[in-house]
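Trainee: Hi, I'm new to this one. Could you walk me through it?
Mentor: Happy to, let's look at it together.

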Amino acid sequence: MRERGTPFLLRTKEDSRVSEKNAYEAGDAVSIGRSRSRLAQGFVLGGALLVASLIVVLLAGTEDRGTLWAVGLLVVFGLVVLVQALRAALDPAPWLVIDRQGVWYKEWGLPPVPWAEIEKHYQTGSRLQAYLALALRDQESYFAALAQDRGTKVRFGRLIRPKLLLIPANTLDASFRQIQDAMSAFAAAAEKD
């Protein structure tokens, strides 16, 4: 549940809070949900597709089979987008969890990455697609150990690269500054432990 005064970070304990200066005080964990603006975009896109299909039917009529197929495809695509947005909006699970043990991001499909494996975290990418990058200390041994534990190889892709784990800026309901502050606080707390 989001508490009043901290619109971006989900808190799990009273001692996990954002101070007035946006510095994060490390408590038990920080859970960050999916971006509300991204959900709103999904609802707007799905609704716009449904409205566009209604307008096409009203203007073109129902005699032309090609028009009906196009409208049918618009309706199906609009409904798929709306259902996906609704599922994401109703999913209470966090998308990013930062705690004393490490960092977990839902789209990686990996177990939490321990702080001992993370060399540094920084912002990268372009203005069009910014990422928060986690540079791994020894990526070969980390991915080999994961593959051994899971019984399958780790698949590299857009978010999992040989030396980096990436978190896209537009997927989370928190700013990079807030996420980096939380990561810095938990990394420092993990070093002390």
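Mentor: A term to start with: two strands pair if DSSP finds at least two bridges between them. Helices (H or I, at least four residues) and strands (E, at least two) are DSSP runs, numbered from the N terminus. This is a predicted model, where local features need pLDDT of at least 70 and side-chain atom pairs count only at pLDDT 80 or more, while totals for chains, interfaces and linings use all residues. Residues are numbered from 1 along each chain as its sequence is written, and side-chain values use heavy atoms, with hydrogens and water left out.

Trainee: Got it. Which residue in β5 is the bridge partner of Ile 32?
Mentor: That is Leu 96. Strand β4 (residues 29-32) and strand β5 (residues 96-99) pair in the antiparallel sense over four bridges.

Trainee: And are the faces of β4 covered or open?
Mentor: Both are covered: Ala 29 and Ser 31 on one side, and Val 30 and Ile 32 on the other, are all buried. Buried means under 20% relative accessible area, exposed over 50%, and partly exposed in between, with a 1.4 Å probe and protein chains only. In the protein chain, 38% of the 193 residues are buried.

Trainee: Switching topic, how many helices and strands does the protein chain have?
Mentor: It has four helices and 10 strands.

Trainee: How do α1 and α2 pack?
Mentor: Helix α1 (residues 36-60) packs against helix α2 (residues 65-90) at an angle of about 160°, with the axes 8 Å apart. Axes are lines fitted to C-alpha atoms, for helices over the stretch in contact, and angles run from 0 to 180 degrees between N-to-C directions. That makes the two helices, α1 and α2, roughly antiparallel; angles under 35 degrees count as roughly parallel, over 145 as roughly antiparallel, 65 to 115 as roughly perpendicular and the rest as oblique.

Trainee: What about β8, β9 and β10?
Mentor: These three strands form an open sheet in the order β8-β9-β10, with antiparallel pairing. β8 (118-125) and β10 (164-168) stand at the edges with a single partner strand each, so one side of each has no neighbour in the sheet. Seven bridges join β8 to strand β9 (residues 130-136), and Tyr 122 stands opposite Ala 133 in β9.

Trainee: Last one: how many salt bridges are there?
Mentor: The count is one, where a salt bridge is a side-chain nitrogen of Lys or Arg within 4 Å of a carboxyl oxygen of Asp or Glu. Asp 181 forms a salt bridge with Arg 177, and their closest N and O atoms are 3.4 Å apart. Both Asp 181 and Arg 177 lie in helix α4 (residues 176-192), four residues apart, about one turn of the helix.
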